[in-house]
Amino acid sequence: MKNTLENTLNEQKIPVLTLNKVCKRFGGVVAADDISFELYGGEIFGLIGPNGAGKTTLINLITGIYSVDGGTITLSGKNITKASTHNKARLGIVRTFQHPRLLDRCDIKTNIALGIDLAGKRGIAEAKNYKERMNTLLEAAGLSGVNLDDSIEKLSYGQQKMIEIVRAMLSHPKVLLLDEPAAGLNHQEMEYIIKLVNIALKENISVLLIEHAMDLVMSICHRLTVLNFGHQIASGVPAEIQENEAVIKAYLGGSHNA
Ligand SMILES: Nc1ncnc2c1ncn2[C@@H]1O[C@H](COP(=O)(O)OP(=O)(O)O)[C@@H](O)[C@H]1O
Ligand SMILES: [Mg+2]
């Protein structure tokens, strides 16, 4: 699969998402120091590093929750650095959160439907295939048996994280940003995450995956970059990253690998 992907990437001239020397400071803390990488369609790009390295900050910069202090963010060749969060979502950049953010008092179907609004505004949500696609995604997430009229609170933590991914994917994103999707999940649930990500790949979505579960990261990411204290200390394919001395010292050799 990876060789085919490399060939495909070489043929694709314009990356879907590009970060070019993106910087962010919080007072004296440099959370992102000249971060550069690009994501192509149908690629899983891993973003790893110890806690506090600046991973979530990058998602917040890409989605416009934080404004950048320097550098540019480009979507399919268009400069979107200063676009609003809302516009970025409408352009197809969607995310999930480290801890699921759902409407606690609403039922499951209402929570799932929150994303479709975005796709509708982009003119690509077909009511007709909405249900079919939702069922496909729910099945991949191991949730085909749930009653959609139930309160979201009836679902387990892992199931709620899955609902966030289903919701994000229902909006037909171009870029899917996953912030530690496997954290707190059991092995079975991790398999569901892999199934959902595989659907995203088939649909040519670019996936940015932040994750500490190294087996998962190394097995499903095509390329990755490693952050430490806001610095990009290495980038490459999984085999290169696993052998990189600086990465082993800062991250892989430590207790973060648990
Ligand atoms: N809104 C904020 N205000 C101040 N500091 C922040 C804010 N968001 C993140 N930081 C700081 O930026 C650094 C990176 O944080 P974060 O991106 O959450 O790391 P990670 O997701 O890799 O664990 C940390 O030092 C964190 O305290
Ligand atoms: Mg984080």
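Q: Hi! Which residue does Arg-25 form a salt bridge with?
A: Arg-25 pairs with Asp-69, and their closest N and O atoms are 3.7 Å apart. A salt bridge here is a side-chain nitrogen of Lys or Arg within 4 Å of a carboxyl oxygen of Asp or Glu. The two sit 44 residues apart, with Arg-25 in strand S1 and Asp-69 in the loop between H2 and S4. Helices (H or I, at least four residues) and strands (E, at least two) are DSSP runs, numbered from the N terminus. This is a predicted model, where local features need pLDDT of at least 70 and side-chain atom pairs count only at pLDDT 80 or more. Residues are numbered from 1 along each chain, and side-chain values use heavy atoms, without hydrogens and water.

Q: And what about Lys-24, buried or exposed?
A: Lys-24 is buried, at 9% relative accessible area; buried means under 20%, exposed over 50%, partly exposed in between (1.4 Å probe, protein chains only). Its side chain also meets Asp-69 in a salt bridge (4.0 Å, N to O).

Q: New topic: what coordinates the magnesium ion?
A: Thr-56 (OG1) and Gln-98 (OE1) do, at 2.1 to 2.3 Å. Donors are N, O and S atoms within 2.8 Å of the metal (3.2 Å for Na, K and Ca), and water is not among the atoms, so sites may look incomplete.

Q: Where are those two residues in the chain?
A: Thr-56 lies in helix H2 (residues 55–62) and Gln-98 in the loop between strand S6 (93–95) and helix H4 (108–113), so the pair ties together parts 42 residues apart in sequence.

Conventions
Chains lettered and ligands numbered in written order.
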